[in-house]
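Hi there,

Here is the structure I promised to hand over. Please open it next to this email and follow along as you read.

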Amino acid sequence: MTKKTEFSRRGLLAVAAGAMAMSMTAIPAQADGSVTVASWGGSYQKAQSLALFQPASKSMGITVKEETYGGMSDVRLKVKAGAVSWDIVSSGSGSAARAAAEGLLEKLDYSVIDVSDFYPTLKTDYCVGSDVFSTVMAFNTATFGDSGPKSWADFWDVKKFPGKRAYRNKVAGALEPALMADGVAPADVYKVLDSEEGIKRALDKIRELKPEIAVWWKSGAQHAQLMKDGEVDMTTGWNGRFDVAKKDGAKVAYTFNQGLLDYDCFAIPKGAPNKDLAMKFLAEMSKPEIQANLPKHITYGPTNKKAYEIGKIDDKMARMMPSHPENAAMQLPVSLAWYAKWEQKAAAMYQDMLTE
């Protein structure tokens with residue numbers, strides 16, 4: 001729900017900026033400080049709260065206040081205005097990388113935050129991984145039973161798999177599936193995309209599918225609701241959102257095959273009022289004992305690999321996680337380097353395609 005970008009699941013999981021805060025407190029009698037965390041709301045933030053925010057605040061004896069926000073554009077406004085009120089923000093990894101380049105984030109102190117047991121690449125100087133997720137193809141089991149699309153070529157095959165599609169309304173995570181549907185091997189996707197001609201090739205493939213795309217989704221909540229309502233027969237989207245929808249009765253299934261392996265992270269905005277305590281809070285949430293709570297609430301994988309080793313995640317559940325070795329091997333890791341180089345240009349070309 002790519003990252004990376006607004007991928008990144010994730011600026012798009014946003015609810016309106018300035019939405020009313022909801023507070024989660026942890027034993028105020030012991031509290032000797034507080035941190036304010038902003039995330040994207042919905043089932044994703046609820047899972048974060050139950051798995052990470054509340055347990056970490058309880059173990060530290062501090063108060064955590066939660067708010068919803070609209071992504072790094074909101075951070076930019078607050079930093080430029082000198083009015084930063086958030087101590088930590090949840091972000092897609094690509095969005096955080098761009099924000100860091102703009103000078104909007106504080107550098108993280110990894111002498112405080114222990115990432116020695118993290119999976120490789122799930123941190124930067126300015127953002128520490130919070131969960132691993134996948135952009136996948138999901139299908140309506142009421143329409144296809146257990147025989148839905150198993151590859152992006154299937155997703156594009158409107159004769160073998162007739163029905164309405166939904167697709168993301170932004171470029172993040174949209175071009176890679178199109179190239180795989182066009183026969184490009186996953187290992188070569190970013191090589192092909194490393195030119196305007198390659199980007200155009202992906203866009204032309206999406207143009208082929210446009211007549212079948214009934215909805216261009218804007219958020220994880222929306223693509224999950226589309227499947228719950230049976231409004232479309234298949235869609236792209238974030239695996240954890242589909243699992244939550246399935247628990248709520250949606251007739252939905254998906255495959256990790258050719259998925260886009262991505263991660264979300266936590267960052268500290270420049271000028272955060274409680275920077276030092278926020279750093280300690282990030283350290284607490286990064287511990288395997290806390291990270292192992294994630295699968296109980298949403299099927300996004302822990303970034304700390306020791307979370308799989310301490311006995312809190314059973315094998316059946318572990319095998320549902322995007323970061324499980326068998327699932328990760330089927331997927332294309334999102335290239336932050338590509339998004340840093342090409343996203344702005346690709347996004348403009350994508351919007352032009354949408355408005356044709």
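Helices (H or I, at least four residues) and strands (E, at least two) are DSSP runs, numbered from the N terminus. With that naming in hand, one spot to look for is Gly 249, which follows H10 and has a positive phi near 105 degrees.

Some ground rules before the rest. This is a predicted model, in which local features need pLDDT of at least 70 and side-chain atom pairs count only at pLDDT 80 or more, while totals for chains, interfaces and linings use all residues. Residues are numbered from 1 along each chain as its sequence is written, and side-chain values use heavy atoms, with hydrogens and water left out.

The pLDDT is the predictor's confidence in each residue, from 0 to 100. For the protein chain the mean pLDDT is 90, and 91% of the residues reach 70 or more. Residues 1–31 have a pLDDT below 50, and this stretch has 139 contacts in the model beyond near neighbours in sequence (contact means heavy atoms within 4.5 Å). Where pLDDT is low, the predicted coordinates should not be read in detail.

The whole chain

The protein chain holds 15 helices and ten strands. Its radius of gyration is 20 Å, which agrees with the value near 21 Å that a compact globule of 356 residues would have (the radius is taken over C-alpha atoms, and the globule rule is 2.2 Å times the number of residues to the power 0.38). Along the principal axes, the C-alpha atoms fill a box of roughly 65 × 40 × 35 Å.

How much of the chain is buried? Of the 356 residues, 55% are buried, where buried means under 20% relative accessible area, exposed over 50%, and partly exposed in between (1.4 Å probe, protein chains only). The chain exposes about 14,200 Å², and carbon and sulfur atoms supply 52% of that area.

Start with helix H10, residues 239–247. Its buried residues are Asn 239, Gly 240, Arg 241, Phe 242, Asp 243 and Ala 245. What do they pack against? Their partners are helix H1 (42–60), strand S5 (128–140), helix H9 (220–229), strand S8 (234–238) and strand S9 (252–267).

Next comes helix H11, residues 275–285. Eight of its eleven residues are buried, so H11 is largely enclosed by the rest of the structure. The buried ones are Leu 277, Ala 278, Met 279, Phe 281, Leu 282, Ala 283, Glu 284 and Met 285.

Some single residues

Ile 113 sits in the loop between helix H3 (93–101) and S5. Its relative accessible area is 0%, so Ile 113 is buried. Not counting residues up to four places away in sequence, Ile 113 touches Leu 108, Val 128, Met 279, Leu 282, Ala 283 and Ser 286. Among these, Met 279, Leu 282 and Ala 283 are also buried residues of H11. Trp 152 is 39 residues from Ile 113 in sequence, and their C-alpha atoms are 39 Å apart in space.

Asn 304 belongs to the loop between helix H12 (288–291) and helix H13 (315–318). Is Asn 304 buried or exposed? With a relative accessible area of 3%, Asn 304 is buried. Leaving aside neighbours within four places in sequence, its contacts are Asp 117, Phe 118, Ser 286, Lys 287, Pro 288 and Gln 291. Asn 304 and Pro 55 are 249 residues apart in sequence, with 16 Å between their C-alpha atoms.

Most residues other than glycine have a negative phi. Gln 258 is not a glycine, yet its phi is positive, at about 60 degrees. You will find Gln 258 in strand S9, and it is buried, with a relative accessible area of 17%.

Glu 208 has 53% relative accessibility and counts as exposed. Its C-alpha atom is separated by 8.4 Å from that of Trp 156, 52 residues away along the chain.

Finally, Gly 61 lies in the loop between H1 and strand S3 (63–68). Gly 61 is buried, at 5% relative accessible area.

Enjoy exploring, and write back with any questions!

Best wishes

How values were computed. Accessible areas come from the Shrake-Rupley method with a 1.4 Å probe; for residues, only the protein chains shown count as cover.
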